[in-house]
Every structure is written in C-alpha cells, then in structure tokens.
Amino acid sequence: MTETRDTVILGSGCAGLTAAIYTARAGLNPLVLEGHEPGGQLSITTLVENFPGWPDGIQGPELIANMKQQAERFGATFQLAHLSAVDLGIHPYKLQTSAGEICTRTLIVASGASARWLGLPSEQALIGHGVSSCATCDGFFFRGKEIAVVGGGDSAMEEALFLTRFASKVTLIHRRDAFRASKIMLERAMAHPNIELRTNTIVEEVLGVEEQEVKGLSVRDVMTGNVTTIPLSGLFLGIGHEPNARMFAGQMDLDEDGYIRTKDNVLTTHNGKVVPGVFACGDVQDRRYRQAITAAGSGCMAALEAEKFLEGHGR
Ligand code: NAP
C-alpha cells in the first residue's frame, strides 16, 4: 500500500520552496517534486537585486539553495522527479510521477512558467552572459549599453520601454510587421527616442559565444533575405512564457493561455468549483507580476491554505 502524505509540492522555484518552508515548519512533512527545471527561473539568473533582505543582491542559484536548505532544516524532502499524471476526481490524490506513485491529501502546484526562447544554440550558450528573458532582473547590468528585445507583444513592448532606463539604445526586433501588442504599448514604444523598431526581422545567431559575452546579433530581413550584423551587448527575449500547467487541462480551470485560474489567490477550481486540497502558487497562476517575491508570497499563502484544509479534515 502506498503511504498517503499530507502535502506534495510540485516545483522547486521560489513559490514551491516557500510553500515547503511553511508546510515543513507546520509539521506536514512535505515532499517536493523538483520538476523539469529544479530551482525554477531563478536558477538561471545571475544577480538578484530586488529580493528584500539582500542589500547587496544575491545570486539567483544561491538564493534558491538557501531556500532549499531552510526547507530541509524543517524536514521537507526533495525528489528529482516530475508529475506525469494525476486524477483530481478522487481524494486523496494519486500522483503518477517519474519516481513512482505517490498519494497525497494536499497538492501545491508551483510548477512555474518557462520563458520561451528562440532555440538557437548560440542563444542558449549565452544565457546569463548577455542573453536574458527577464528585463526587471537583468536590465540594470546594461546601463549605457546597446541591447535588443525580440517580440511583438505587450511583454516585448514593456521590456523595451523598461530597458530604456538603462540602455543607451534598444532595438526592438519583430518577425512580422503586425503586432500583438496593445495599441497604447506599441505607440509608447514607437514614440520613444531610444527605441528603434526592426520589423520583418528574425535573429539568426547571437554573436559572442567564444568570448562568452554577447557581442552582437546576426539578423535576417525576411522580406529581402538580407543578413546584417547589429553590434550590441545584450539580448532580451520578450516572446512570452508557457505556464507549466498542461497536465491539469480538463481537471482544473485554466485561462486562455493555459495559466491556472485561482480563487482567493491560490484555490484551484474545476468548472468553477473549488478542487479540494489543491492549491496553485507562483508563475503557473500569475501572468501579471512574475517576480521572485510575489511567487514566494503566494507559496506562503498556498501553504497556509493547505494547513487549514488538513486541519478541517482532522489532521
Ligand atoms: P504574446 O502576446 O503571445 O506575444 C508574443 C510575441 O512573441 C508575438 O509577437 C510573437 O510573434 C513573438 N514570438 C513568439 N515566438 C517567437 C519566436 N520563436 N521568434 C520570434 N518571435 C516570437 O506574449 P506576451 O507579450 O508575453 O503577452 C502575453 C499576455 O500577457 C498578453 O495577453 C499580453 O497582453 C499580456 N501582457 C500585458 C502586459 C501589460 O498590459 N502591461 C504586459 C505583458 C504582457 P507573432 O506575433 O508573430 O506570433
């Protein structure tokens, strides 16, 4: 017989680890399934300067390691595994994971969202060395430098506008000449003197792999086929995020882009009704803020709700 646990947490980013600290400290002996990207998005950033309590900043991977250590101190256990299937119709929930079956009374979904990347090997090699998907995290490092943002939606406009606070010039590169961005955001970006728009343009290569820092971009005009080089120091991807919630489709209410819809911040629903004992926190349910501190905050809320749920069920 599989033992039934009180709490299983899916995901080991800021939200999942905060939920682990709180549930462990409450004596719920949580099991954290670390997921496909252990440590989440922070584990691929460099210096985090806006997490309260670190006046000189802290490296993203170090912050994550600290949180994990803190959770372990209170008894949280970790498993390098991910969820493959679950039936949320039968409580307690049986999770099929890459490490076998696990049964749990509460499930905290903190599986995050993964930034979309272009998928170029040169781009992947330079993540953290001039290539970033987070303007608020890394914009500060490009003070006085020339950079580019890729994308034609609101995220790209927002990133480009935000980055003008630091960069001397932002080239906004979009693969078409029609934009998904809202009119107001597009107009703001187009009107900004330090933003140059390059439409019908795709990035073919990020230059600087040997030097281990971004030196420029090789771009192709899709109308003419002309390939040119743009010398610059940074590339930001603003081509959207994918919430890691696909496995809950049909069992949980998701919005049109696949983010988990929540009620009272962290309660999950199916056809509008609360799914008992299943909570969502962090970027898998937050398309708006997507900050380490907001993810941590909602991880705390999910943990407190899980505790309340278990208390109500005589645990
Ligand atoms: P989005 O609206 O889906 O836009 C993604 C953009 O990236 C599109 O222009 C798309 O090009 C481009 N793109 C996707 N894959 C690409 C690739 N492989 N290579 C090159 N370009 C690629 O995503 P988003 O901008 O993150 O916005 C998501 C949602 O959040 C939207 O509803 C948006 O309104 C909202 N949001 C709102 C705000 C705000 O109001 N302040 C800020 C951020 C986001 P195509 O157009 O050619 O497909």
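**Strand and helix pairings**

Tutor: Leu267 has Phe279 of E21 as its bridge partner. This is a predicted model, where local features need pLDDT of at least 70, side-chain atom pairs count only at pLDDT 80 or more, and totals for chains, interfaces and linings use all residues. Residues are numbered from 1 along each chain as its sequence is written, and side-chain values use heavy atoms, with hydrogens and water left out.

Student: How many bridges join E20 to E21?

Tutor: Strands (E, at least two residues) and helices (H or I, at least four) are DSSP runs, numbered from the N terminus. Two strands pair if DSSP finds at least two bridges between them. E21 covers residues 273-280 and runs antiparallel to E20, and the number of bridges joining them is three.

Student: Which residue in the turn between E20 and E21 has a positive phi?

Tutor: These strands form a hairpin with two residues between them. The positive phi, about 50°, belongs to Asn271.

Student: Which residue of E20 stands opposite Thr262?

Tutor: E19 (residues 262-263) and E20 (residues 267-270) run antiparallel and are joined by two bridges. Opposite Thr262 stands Thr268.

Student: Are H1 and H2 roughly parallel or roughly antiparallel?

Tutor: The axes, lines fitted to C-alpha atoms over the stretch in contact, have angles from 0 to 180 degrees between N-to-C directions. Those of H1 (residues 14-25) and H2 (residues 60-73) come within 8 Å and cross at roughly 20°. Angles under 35 degrees count as roughly parallel, over 145 as roughly antiparallel, 65 to 115 as roughly perpendicular and the rest as oblique. H1 and H2 are therefore roughly parallel.
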